[in-house]
Amino acid sequence: MDAFTSVTNSSSLQNSHFILMGLPGIHEWQHWLSLPLALLYLLALGANLLIMITIQCELTLHEPMYYFLGILSVVDIGLATIIVPKILAIFWFEAKAISLPECFAQIYTIHYFFSMESGVFLCMAVDRFIAICHPLRYPSIVTEAFVGKAAGFMVLRNGLLTIPVPVLAAQRHYCSRNEIQHCLCSNLGVISLACDDITVNKLYQLVLAWVLVGSDMALVFSSYVLILRSVLRLNSVEAISKALSTCSSHLILILFFYSGIIVLSVTHLAEKKIPLIPVLLNVLHNVIPPALNPMVYALRMQELRLGFQRLLGMGEGMPTK
């Protein structure tokens, strides 16, 4: 009888919602961070929408490299939108409660868009590798069909492989604590509240990180090693400079993106001692790239800048290619 009562009480204690506590250790004044966060979000939305509209309207930008940039802008808007509005609601309106289905949905979308960002960077690295190392074959290999197939593969790969993350989290039993020391539903933060074994969850999280982001990172840097080797074989300094300039903006962003992942992984080991640092870095790593990416491309790519000027009516008299 006692055993039956214990099981019944345990099942009745299943939490219906979680509480997102925000940034650990600075709950009293975390709302002051809402202004720069809101500005970053508006910048990410405005800049990425401008890039998408410019690529759509400018015929000179209807090339594979810019198509991938447009896809990256869509991913950046999605990543920022699933994170920032909820954080601002916590900071401004104390809207800390989040239902379990909503939390699991956020876990999925964060993993999906994050891995999509990595996948698009890989596609862009392959594009630059073929353009620089096999320039004569580039027009026949990297076509609009190639872009569509690459984008479709990334959508399916990331969409399917990330499904088990929220599914496994939803199968856990949450019967006691429901306060997440975070601004968003991170998978590890959520499953740490479970009353049953989470070994499978942690194992799949690790495997997924290596299969998706780990393999992408290895292939991206391998592509750039081959690009650098090919560029250094050129005899002309001008040719070397021109070749490197075509991929410099991409290289800056992938270094920031993947170095951020490495820093996050290292700081996660010290989470118990300084819980604020990994949480804050996690938020910033999901918010800064969507705002940074379009700024770097706008500054480094002349064709895109000219497209902006024509679209905004600042260069009607400028010649087009």
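The second largest pocket of this predicted model is lined by 23 residues, and Met65, Arg128, Lys242, Thr246 and Glu303 are those that lie nearest its centre.

- The volume of the second largest pocket is about 650 Å³, and its lining divides by class into 11 nonpolar, 6 polar and 6 charged residues.
- At least two residues of this lining come from each of helix 3, helix 4, helix 10 (237-245), helix 11 and helix 13 (302-311), and helix 10 gives the most, with 4 residues.

**The largest pocket**

- The largest pocket holds about 1700 Å³ of space, and its lining is made up of 43 residues, of which Leu188, Gln205, Leu264, Ser265 and His268 lie nearest the centre.
- Several elements each supply at least two residues of the lining of the largest pocket, namely helix 4, strand 3 (179-180), helix 8 (187-191), helix 9 (199-232), helix 11 and helix 12 (276-300).
- Helix 9 provides the largest share of the lining of the largest pocket, with 10 residues, while the lining as a whole has 23 nonpolar, 15 polar and 5 charged residues.

- The lining of the largest cavity consists of Met65, Met124, Asp127, Arg128, Thr246, Cys247, Ser249, His250, Tyr297 and Met301, and the elements that give two or more residues to it are helix 4 and helix 11 (248-268).
- Helix 4 gives the most to the lining of the largest cavity, with 3 residues, and by class this lining divides into 5 nonpolar, 3 polar and 2 charged residues.
- Met65, Arg128 and Thr246 are among the residues that line the largest cavity, and they are also among those that lie nearest the centre of the second largest pocket.
- The second largest cavity, with a volume of about 30 Å³, is lined by Phe68, Ile71, Met116, Val120, Cys123, Ala150, Ala151 and Met154.
- By class, the lining of the second largest cavity has 8 nonpolar residues and no polar or charged ones, and at least two residues of it come from each of helix 3 (64-93), helix 4 and helix 6 (144-161).

**The nonpolar core**

- In soluble globular proteins, nonpolar side chains tend to be buried together.
- In this model the largest nonpolar core has 80 residues, and those with the most contacts inside it are Phe18, Leu69, Tyr174 and Val190.
- Helix 4 supplies the largest share of this core, with 16 residues.
- If its neighbours within four places in sequence are left aside, Leu69 is in contact with Ile51, Ile55, Met124, Tyr297, Met301 and Leu304, and of these Met124, Tyr297 and Met301 are also found in the lining of the largest cavity.

**Aromatic rings**

- A pair of aromatic rings is described by the distance of the centres and the angle of the planes.
- With ring centres within 6.5 Å taken as a pair, the model contains 9 aromatic pairs.
- One of these pairs joins Tyr108 and Tyr112, whose ring centres are 6.2 Å apart and whose planes meet at 10°, so the pair counts as stacked, given that stacking requires planes under 30 degrees apart.
- Tyr108 and Tyr112 are separated by about one helical turn, because they are 4 residues apart in helix 4 (residues 100-133).
- Tyr108 counts as partly exposed because its relative accessibility is 23%, whereas Tyr112, at 16%, counts as buried, the limit for a buried residue being under 20%.
- Elsewhere, ring pairs link Phe114, Phe121, Phe221, Phe257 and Tyr258 into a cluster.

- Most residues other than glycine have a negative phi.
- Glu94, although it is not a glycine, has a positive phi of about 55°.
- Glu94 lies in the loop between helix 3 and strand 2 (97-99), and with a relative accessible area of 51% Glu94 is exposed, since that class begins over 50%.

Methods
Residues are numbered from 1 along each chain as its sequence is written. This is a predicted model: local features need pLDDT of at least 70, side-chain atom pairs count only at pLDDT 80 or more; totals for chains, interfaces and linings use all residues. Side-chain values use heavy atoms; hydrogens and water are left out. Rings of Phe, Tyr and Trp (its six-membered ring) pair if their centres lie within 6.5 Å; planes under 30 degrees apart count as stacked, over 60 as edge-to-face and the rest as tilted. Buried means under 20% relative accessible area, exposed over 50%, partly exposed in between (1.4 Å probe, protein chains only). A nonpolar core is a set of buried Ala, Val, Leu, Ile, Met, Phe, Trp, Tyr and Cys residues joined through side-chain atoms within 4.5 Å. Contact means heavy atoms within 4.5 Å. On a 1 Å grid over the protein atoms alone, a cavity is a set of points where a 1.4 Å probe fits but cannot get out, and a pocket is an open set with protein on both sides within 12 Å along at least five of seven lines; lining residues have an atom within 4 Å of a point. Ala, Val, Leu, Ile, Met, Phe, Trp, Tyr, Cys and Pro count as nonpolar, Asp, Glu, Lys and Arg as charged, and the others, Gly among them, as polar. Grid points are joined across faces, edges and corners, and a volume is the space filled by probe spheres set on the points.
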